[in-house]
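Hi,

Here is the structure I said I would pass on to you. Have a look at it first, and then read my notes below.

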Amino acid sequence: MALQFGKRDNEQARPLGSGMASPRPTPGAYGSTATSPSSPEPQAPAASQPAASTATATPEGGSKLIVGPNIKLKGVEIQDCDTLFVEGTVEATMDSRVIQIAQQGAFKGSAEVDVAEVHGTIDGNLTVRQKLVIHATGKVTGRIRYGKVVIEEGGQLSGDVECAAAATGKATQAAGSKPSMALAA
């Protein structure tokens, strides 16, 4: 069986040892019948292991910043980050695509994101252009603007809260257009 790590889709498969590197000795080549530690069972590289299932996924090739448990990141501006995953504490200003707060994680500051998934706490100015998901252990406080919101039983949302779609609706009404009303039968 030939291992094909690092093979591109448009390349033809080549057996191990056919490249510039010298071939590894096969198990038992030196008189040993035990499996050599230099030739372990074939495994996929760690980078190709599937990540834990979440409601949002990082696009392939997207940038991801992970602030691990017991890490405190304070007084920064986060830019060009597709996904911020917080297990520790972050005090920052950011504009990103996705923010994910773990149950023990906390974010304080100002954030503008497309999607926010909260298991921990967020305190400050939060603008979620698309979808805000607050899980049962999540708590979001401050000035919150969102496109859509999902709050599990037990999740908390408090402060100056406004639906961004409602804000645009108010601007449209102020501009003189008549709102359309539909009654459910």
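Let me start with the core. The largest nonpolar core has 23 residues, and those with the most contacts inside it are Leu-84, Met-94, Ile-99, Phe-107, Leu-126 and Leu-132. At least two of the core residues come from each of β2 (72-86), β3 (89-101), β4 (106-118), β5 (121-134) and β6 (139-151). A nonpolar core here is a set of buried Ala, Val, Leu, Ile, Met, Phe, Trp, Tyr and Cys residues joined through side-chain atoms within 4.5 Å. "Buried" means under 20% relative accessible area, "exposed" means over 50%, and "partly exposed" is in between (1.4 Å probe, protein chains only). As background, nonpolar side chains tend to be buried together in soluble globular proteins.

Before you go further, two notes on the source. This is a predicted model, where local features need pLDDT of at least 70 and side-chain atom pairs count only at pLDDT 80 or more, while totals for chains, interfaces and linings use all residues. Residues are numbered from 1 along each chain as its sequence is written, and side-chain values use heavy atoms, with hydrogens and water left out.

Now the overall layout. The protein chain has 1 helix and 7 strands, and along the sequence they follow the pattern β-β-β-β-β-β-β-α. Helices (H or I, at least four residues) and strands (E, at least two) are DSSP runs, numbered from the N terminus. Of the 185 residues in the protein chain, 23% are buried. Among contacts between residues at least 6 apart in sequence, 8% join residues at least 24 apart; a contact means heavy atoms within 4.5 Å.

Two strands count as paired if DSSP finds at least two bridges between them.

Some pairs to find on screen:

- β3 and β4 are parallel and share 11 bridges, and Ile-99 stands opposite Ala-116 in β4.
- β5 and β6 are parallel, joined by 12 bridges.
- β6 and β7 (residues 156-163) are parallel, with 8 bridges, and Lys-139 stands opposite Gln-156 in β7.

Next, zoom in on β4. Ala-111 lies in this strand and is buried, because its relative accessible area is 1%. Leaving aside neighbours within four places in sequence, Ala-111 is in contact with Met-94, Asn-125, Leu-126 and Thr-127. Met-94, from the core list, touches residues including Ile-78, Leu-84, Ile-99 and Phe-107. Glu-117 is also placed in β4, and with 5% relative accessibility it counts as buried. The C-alpha atoms of Glu-117 and Val-133 are separated by 4.8 Å, though the two are 16 residues apart along the chain.

Which residue stands opposite Thr-141 in β6? That is Asp-123, and a polar contact of 3.0 Å joins the side chains of Thr-141 and Asp-123. A polar contact is a pair of N or O atoms within 3.5 Å; within protein, one must be able to donate a hydrogen and the other to accept it, and residues adjacent in sequence count only if both atoms are side-chain atoms. Thr-141 is buried, because its relative accessible area is 19%.

Two residues have backbone angles to look up. Most residues other than glycine have a negative phi. Asn-70, in the loop between β1 and β2, has a positive phi near 65 degrees, and Asn-70 is exposed at 77% relative accessible area. Asp-80, in strand β2, has a positive phi of about 55 degrees and is exposed at 73%.

Last, the cysteines. The structure holds 0 disulfides, a disulfide being a pair of cysteine sulfur atoms within 2.5 Å. Cys-81 counts as buried at 9% relative accessibility, and Cys-163 as partly exposed at 21%.

Cheers
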